[in-house]
Amino acid sequence: MINIVLFGKPGAGKGTQAEFLKEKYNLTHISTGDVFRYNLKNNTALGQEAKSYMDKGDLVPDELTIKMLQDEVEKHPGTAGFLFDGFPRTTAQADALDAFLTSKGWQVDATIALEADDEILVARLLERGKTSGRPDDQDENLIRNRYQEYNDKTAPLMDYYKSQGKFYAVNGIGEISDITARINAVIDQL
Ligand code: ADP
């Protein structure tokens, strides 16, 4: 069992890298953003609750997000491990994840952060917004708000995982395959 948290600002490339990592290490990929968008599209009760927050580029409340994450994990008994993408994003979520994994005899093995400069990331997101259909990628104000949320609520998690000796920073600028190789190098030495 190996559990990896992919960490990084919006646009850092978590989703792109997750596609390669889940294949190579046979991991179950859980993107909380994707799960929320799926629920939004299908107009489920969860989607209706999350919508007003996502429309503003705000984080969805912890209680709702943690419950959803746990439900996703429970759908995959017997997996070789999880790749958490976009979760945790607050200290409360990190605490909940630790407690939840511990209750199963598991743990977070590594948090891998993709690092890139804000201005590069904003440009990437606006570019992605031209084709992704994601409204939160088409409005610079929403993008800036997501960075504000990241700085206020998610950035403190770096120290949370550093203090556990589980934090690994990877340069997120360059060719996609080079970045994949940098992440592989971290996982292979765990
Ligand atoms: P990005 O990393 O590009 O901002 P995501 O696809 O990961 O986008 O998330 C999109 C939106 O879904 C976020 O802006 C937020 O509203 C919601 N969301 C995703 N993950 C979480 C989380 N762990 N906690 C709270 N809200 C979340």
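This briefing looks at aromatic ring pairs and at the ligand site. The model is predicted, so local features need pLDDT of at least 70 and side-chain atom pairs count only at pLDDT 80 or more, while totals for chains, interfaces and linings use all residues. Residues are numbered from 1 along each chain as its sequence is written, and side-chain values use heavy atoms, with hydrogens and water left out.

**Aromatic pairs**

- Rings of Phe, Tyr and Trp (its six-membered ring) pair if their centres lie within 6.5 Å; planes under 30 degrees apart count as stacked, over 60 as edge-to-face and the rest as tilted. By that rule there are five aromatic pairs here.
- Take Phe7 and Tyr150: their ring centres are 6.1 Å apart with the planes at 55°, so this pair is tilted.
- Phe7 belongs to strand β1 (residues 2-8) and Tyr150 to helix α7 (residues 140-154), so the pair ties together parts 143 residues apart in sequence. Helices (H or I, at least four residues) and strands (E, at least two) are DSSP runs, numbered from the N terminus.
- Phe7 is buried at 3% relative accessibility, and Tyr150 is buried too, at 7%. Buried means under 20% relative accessible area, exposed over 50% and partly exposed in between (1.4 Å probe, protein chains only).
- Then there's Tyr160 with Tyr161: centres 5.0 Å apart and planes at 75°, so that one is edge-to-face.
- Tyr160 counts as buried at 15% relative accessibility, and Tyr161 counts as buried at 0%.
- Ring pairs also join Phe7, Tyr150 and Phe167 into a cluster.

**Ligand surroundings**

- There are 18 residues around the ligand, and Thr32, Arg37, Asp58, Gly86 and Arg89 come nearest. A residue is near a molecule if one of its heavy atoms lies within 4 Å of it.

- A ligand oxygen atom is 2.8 Å from an N or O atom in the Arg89 side chain.
- For Gln93, a side-chain N or O atom is 2.9 Å from a nitrogen atom of the ligand.
- The Arg146 side chain has an N or O atom 2.9 Å from an oxygen atom of the ligand.
- On its own the ligand exposes 540 Å², and the protein buries 96% of that. Accessible areas come from the Shrake-Rupley method with a 1.4 Å probe.

Methods:
Polar contact = N/O pair within 3.5 Å; in protein donor to acceptor, adjacent residues only side chain to side chain.
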